[in-house]
Amino acid sequence: MTKHRVLRNGGRIVAAAAAICAVTAASTSPAAADDQPTREQLTADCASGEGKCTFNSPVLGKAYLGKFHQVSDALYNCSSSTATQSMSWSDSVGSTDSVGVSVTAGGNIAGIVDLSVTATYNHSWTSTHTEDSSLTMTVRPGEVGWISRAQVMQEVSGTWQTHYDSPKWGHYYWFFGDTITGPAKNGTDGVSNAVVVKSRKMTSAEKKSCSAGEKAGKAFVQQR
């Protein structure tokens, strides 16, 4: 009874230490899994609002340019001369947590992180970025071209604190560390978004497809 009262009335240091150990143990010890939550369960409670969650002590990492990825349809040139065409493109980049799960698919997670970053750094944190435009590309005979884009990204690390009105898994409070990666504003830390035209030679199968039917001797667009 005494131990329960100490936890209930706010022994946060003890609760934090127990919780961190518990979450770690739950991921490594099957025997403990029934008694302690996984980070996925705690995250789900933060997202749904069942747990009253805060993202504490956020630390922003240095911005960097993310990986290039295709953002347009592909232009196949089956002709014997270069093909030039204006292509539209669109891109939407979201945020993921330290185990690669999206934090933008509904729920409270993105809003909680934004609130914490805004309070600490006096500027908002964006969980998603969407952009679209068009670009003229030129593709040589026997090649396929497309538009790729890379988004400025930034990590924010912190500690989730989950508070329950009634004890859950034996405690009112649970804690776990997390690093969230998401899009940053263009120009952050001197890093800029990039949009480029890329191309490659067609494969043997693609060349064979080019020689038949309506595609023969023409350039055509194939949706991504």
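C78 is buried, at a relative accessible area of 15% (buried is under 20% relative accessible area, exposed is over 50%, and partly exposed is in between, with a 1.4 Å probe and protein chains only). Its disulfide partner is C210, which is buried as well, at 8%.

Before going on, a word on what we're looking at. This is a predicted model, where local features need pLDDT of at least 70, side-chain atom pairs count only at pLDDT 80 or more, and totals for chains, interfaces and linings use all residues. Residues are numbered from 1 along each chain as its sequence is written, and side-chain values use heavy atoms, with hydrogens and water left out.

**The disulfides**

How many disulfides does a search of the whole structure find? It turns up two, where a disulfide is a pair of cysteine sulfur atoms within 2.5 Å. Here they are:

| Pair | S–S distance | S–S torsion |
|---|---|---|
| C46 and C53 | 2.1 Å | about -85° |
| C78 and C210 | 1.8 Å | about -55° |

Why is the C46 and C53 disulfide left-handed? Because its S-S torsion is about -85°. The C78 and C210 bond has a torsion of about -55°, so that disulfide is left-handed too. This pair ties together distant parts of the chain, 132 residues apart: C78 sits in the loop between β4 (74–77) and β5 (83–93), while C210 belongs to helix α5 (residues 204–210). Helices here are DSSP runs of H or I with at least four residues, strands are runs of E with at least two, and both are numbered from the N terminus.

Number the bonded cysteines in sequence order and the pairing reads 1-2, 3-4.

**L65**

L65 lies in strand β2 (residues 64–65) and is partly exposed, at 35% relative accessibility. What does L65 touch once neighbours within four places in sequence are set aside? Its contacts (heavy atoms within 4.5 Å) are A150, Q151, V152, V191, S192, N193 and A194. For A194, 129 residues away along the chain, the C-alpha separation from L65 is 8.3 Å.

**T118**

T118 is part of helix α4 (residues 109–121) and comes out partly exposed, with a relative accessible area of 30%. Not counting residues up to four places away in sequence, T118 touches H123, S124 and W125.
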